[in-house]
Amino acid sequence: MNKYIYCLFICILGLSSCVAQPLPINYIDAYNLHFSMEEDMVIEYPWMENAAYTGCSINVEMKESNRTLFAKKYLKGFPSDCLRTELEQRILLPIHKEKEGLVTFEAKGENIKAVSILIDGIDDKEKCVFSDTMTFVPDSFLSSVSKKISLEGVEMMNIRIRADGVTDTEAYIAFSKLDIMIGNKNINEYPVREFPKLLLPKGFNYIPYQSSAENLCDKTSVMEVRKIIALGESIHGSNSIRRLACQLMLESVKNKDCKLIIWEMPMEKSLVYNRYVLDDEFVLDSIELSLLDEQRMKFIKELKRYNLGEKKRSQSEIVRYGL
């Protein structure tokens, strides 16, 4: 029987783990404060991109001496009239007794109207106790801007980096690094502080899993007699949760007779990716590829392979039955 899985993707891709995992040994790697694009890096807390600016730029790599910088580039013909992007990161600060700190941002760009770095200090009750903004206009050489910040009562730091390009002009912003000083000591000299263990209400429990495990649905007894109909907002910003979601969706397709996946993104993009998973010969162009991170790209490639395998099996059955 033909078991094609039709994949309909419908609103925006957004750029911690459900169980405790070993954290990277420093803050730079854990929070990607050097904006690295290395594929083999384990980034526990990745930067989030404001989905409102999808279509305003594409992700590119830019060489800088012996480094590769992460950059956002705008080309004429894009849906928007200029480059717009906003990256956000929330950092759990190390335990300290300092009253002041310093935030430094380094970047370069071309035809950038302004870059704003919004810094919020948040206490242990999620209340904003400090807020400030620094702005600058980068040129084609790396330059930096710094701001002193208050650390009194601050447990977490929320940072938003917003860049706006010149209207109707090709532009780019390349991100180099974000440095944070706690008093006179760089944050990277502190051990990475782990989030406290999740306390669940009485009667609740969680199920640990290994991403390498096969047939997760069958091995988790609570899911054997249930059908997954939705995977919610918790997947935003969490690589491990998103990996779990992709694994569960693929298992549902292969083993649970699932024939339709609805995935949140703009309708015009959904039609492109839907055709990709259904059409053996259809190829995504560079812009369409840039809108998918490695994990999502791997997921839709797996769907495409599955559909191709089902098509071949179906044709084989037709020939066999015809003899």
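Salt bridges come up 12 times in this structure, each one being a side-chain nitrogen of Lys or Arg within 4 Å of a carboxyl oxygen of Asp or Glu. The structure is a predicted model, so local features need pLDDT of at least 70 and side-chain atom pairs count only at pLDDT 80 or more, while totals for chains, interfaces and linings use all residues. Residues are numbered from 1 along each chain as its sequence is written, and side-chain values use heavy atoms, with hydrogens and water left out.

One of the salt bridges links Asp132 to Lys147, with the closest N and O atoms 3.7 Å apart. Asp132 sits in strand β8 and Lys147 in strand β9 (residues 143-150), so this pair ties together parts that are 15 residues apart in sequence. Strands here are DSSP runs of E with at least two residues (helices are runs of H or I with at least four), numbered from the N terminus. Asp132 is partly exposed, at 25% relative accessible area, and Lys147 is partly exposed too, at 26%. On this scale, buried means under 20% relative accessible area, exposed means over 50%, and partly exposed is what falls in between (1.4 Å probe, protein chains only).

Another bridge brings together Asp179 and Lys177, at 3.7 Å from N to O. Asp179 is partly exposed at 23%, and Lys177 is partly exposed at 33%. Arg275 and Asp279 also meet in a salt bridge, this time at 3.4 Å. Their relative accessibilities are 44% for Arg275 and 25% for Asp279.

Now for the rings. Rings of Phe, Tyr and Trp (its six-membered ring) pair if their centres lie within 6.5 Å; planes under 30 degrees apart are stacked, over 60 edge-to-face, and the rest tilted. That rule gives 9 aromatic pairs. In one of them, the ring centres of Phe105 and Phe136 are 6.1 Å apart and the planes stand at 80 degrees, so the pair is edge-to-face. Phe105 belongs to strand β6 (residues 100-110) and Phe136 to strand β8 (residues 128-136), so the pair ties together parts 31 residues apart in sequence. Phe105 is buried, with 0% relative accessible area, and Phe136 is buried at 13%. Both rings belong to one aromatic cluster along with Phe35, Trp47, Phe70 and Phe175.

Charges can sit over rings as well, which takes NZ of Lys or CZ of Arg within 6 Å of the ring centre and within 35 degrees of the ring normal. Lys185 lies over the face of Tyr190, 4.6 Å from the ring centre, and the charged end of Lys304 sits over the ring of Tyr276, 4.2 Å from its centre.
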